[in-house]
Amino acid sequence: MPGSGSPLDLHPGHSVDRTMAGAAEAMASSLVPPPRGLASYAMEYGVSGMSVGAATCCTNPLDVIKVRLQLADFMQRRGMLATASGIVQQEGFAALFKGLSAALMRAGVYGGARLGFYGPMKSLLSPGKDPTFGTKLLAGMASGAAAAAIANPTDLIKVRLQAQKTGGAGGITPQYNGAVGAITHIVRAEGVLGLWRGVQPSMMRSAILTATQAATYDEAKRHVLKITGMKEGVQTHLGCSLLTGLVTTTVINPVEVVKNTMFTKGKECNMGPVATAGNIFAREGMRGLYKGWTANYARLGPQTTITFLVLEKLRSIAGLGTV
């Protein structure tokens, strides 16, 4: 009766509207993941940096060999084993660990950001639903480019330390004495912006690397689990990471040759990445852009494998879930 009920009794349509609105709100809240705290993102960054650091310690000698091969002139180029033997004979075994301090700095800053930003970026681009392969590629490109822009000085120092030759019959004196000495020398000779020399190909390389590496691993694991019925574990992670290393090396090698050329030439290299690539191609052909591929895969294959195996384990311990 009028006056005896609640206001909603006078307008029955209101209760229906409120019920539908409540259902829609509940559905939306179930689709959108709850906001994550700063501690969670810091944990993502930390475990990513530690996993890349572990892989870097194991693969630094291969990285030195790869850099030397990629920077060698066409007539001076030798195979991977011959290059390694030459380094040890002329400079000593310790030369294979040149740039390790800078490489570990880079692993913490660059590796942490590159893989640590991938998960949050993927969630941001695809909230409340499974990301497509295209979304994974885009997330990888964004996180990789951002990481390279931040960490370019550590990458440049690592490459220059690895590229310089010491010892030998001529008693070659190193241009750079450690990571701190390299920073001081570069800033004095080239200015602060000299630490960001080659940042364009570095960002390009990192965007392509992270997109192919993270997205390929992510997608390969999804298909393996779905088709074979296998479960998350070392066997699955190992197989997917080996495949990822092969794909990543093939895609990234030309960009890496251009990047390292710009890094080591300093002020002598006033060309952009496209012109530098064109110059290498004009002198050496397509083979010039793929020089050092074997050494690159020998490094990047194991590094990818170790990185993802350690990352999956650390994420499990930290309660972050799988990649």
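The largest nonpolar core of this predicted model has 13 residues, and A102, I157, L161, Y176, A179, A182 and I186 touch the most other members. A nonpolar core is here a set of buried Ala, Val, Leu, Ile, Met, Phe, Trp, Tyr and Cys residues joined through side-chain atoms within 4.5 Å. Buried means under 20% relative accessible area, exposed over 50%, and partly exposed in between, with a 1.4 Å probe and protein chains only. Helix α7 gives the most to this core, with five residues; α7 and α8 (178-190) each supply at least two.

**Basis of the model**
- Residues are numbered from 1 along each chain as its sequence is written, and side-chain values use heavy atoms, with hydrogens and water left out.
- For this predicted model, local features need pLDDT of at least 70 and side-chain atom pairs count only at pLDDT 80 or more, while totals for chains, interfaces and linings use all residues.

**Cores**
- L161 has contacts (heavy atoms within 4.5 Å) with K98, G99, A102, Y176, G178, A179 and A182, leaving aside neighbours within four places in sequence.
- A second, separate core consists of 10 residues, including V52, L115, Y217 and A220.
- In soluble globular proteins, nonpolar side chains tend to be buried together.

**Confidence**
- The mean pLDDT (the predictor's confidence in each residue, from 0 to 100) of the protein chain is 82, and 84% of the residues reach 70 or more.
- Where pLDDT is low, the predicted coordinates should not be read in detail.

**Overall fold and surface**
- The protein chain has 13 helices and zero strands; helices (H or I, at least four residues) and strands (E, at least two) are DSSP runs, numbered from the N terminus.
- Of the 323 residues in the protein chain, 44% are buried.
- Among contacts between residues at least 6 apart in sequence, 77% join residues at least 24 apart.
- The accessible surface of the chain comes to about 16,100 Å², and carbon and sulfur atoms account for 67% of this area.
- Accessible areas come from the Shrake-Rupley method with a 1.4 Å probe; for residues, only the protein chains shown count as cover.

**S48 in helix α3**
- S48 belongs to helix α3 (residues 38-71) and is buried, at 1% relative accessibility.
- Not counting residues up to four places away in sequence, S48 touches G111, G112, L115, G116 and L311.
- The S48 side chain reaches the backbone nitrogen of G116 at 3.3 Å.

**Y110 in helix α5**
- Y110 is located in helix α5 and is buried, with a relative accessible area of 6%.
- Beyond residues up to four places away in sequence, Y110 touches A147, A148, A151, R205, S206 and L209.
- The side chains of Y110 and R205 make a polar contact at 3.5 Å.
- A polar contact is a pair of N or O atoms within 3.5 Å; within protein, one must be able to donate a hydrogen and the other to accept it, and residues adjacent in sequence count only if both atoms are side-chain atoms.

**Aromatic pairs**
- Rings of Phe, Tyr and Trp (its six-membered ring) pair if their centres lie within 6.5 Å; planes under 30 degrees apart count as stacked, over 60 as edge-to-face and the rest as tilted.
- By this rule there are four aromatic pairs.
- Y45 and F117 form a tilted pair, because their ring centres are 6.3 Å apart and their planes stand at 50 degrees.
- Y45 lies in helix α3 and F117 in the loop between α5 (100-116) and α6 (118-125), so this pair ties together parts that are 72 residues apart in sequence.
- Y45 is partly exposed at 30% relative accessible area, and F117 is partly exposed at 31%.
- W293 and Y297 form a stacked pair, 5.6 Å centre to centre with 10 degrees between the planes.
- Both W293 and Y297 lie in helix α13 (residues 293-318), four residues apart, about one turn of the helix.
- W293 counts as partly exposed at 27% relative accessibility, and Y297 as partly exposed at 25%.
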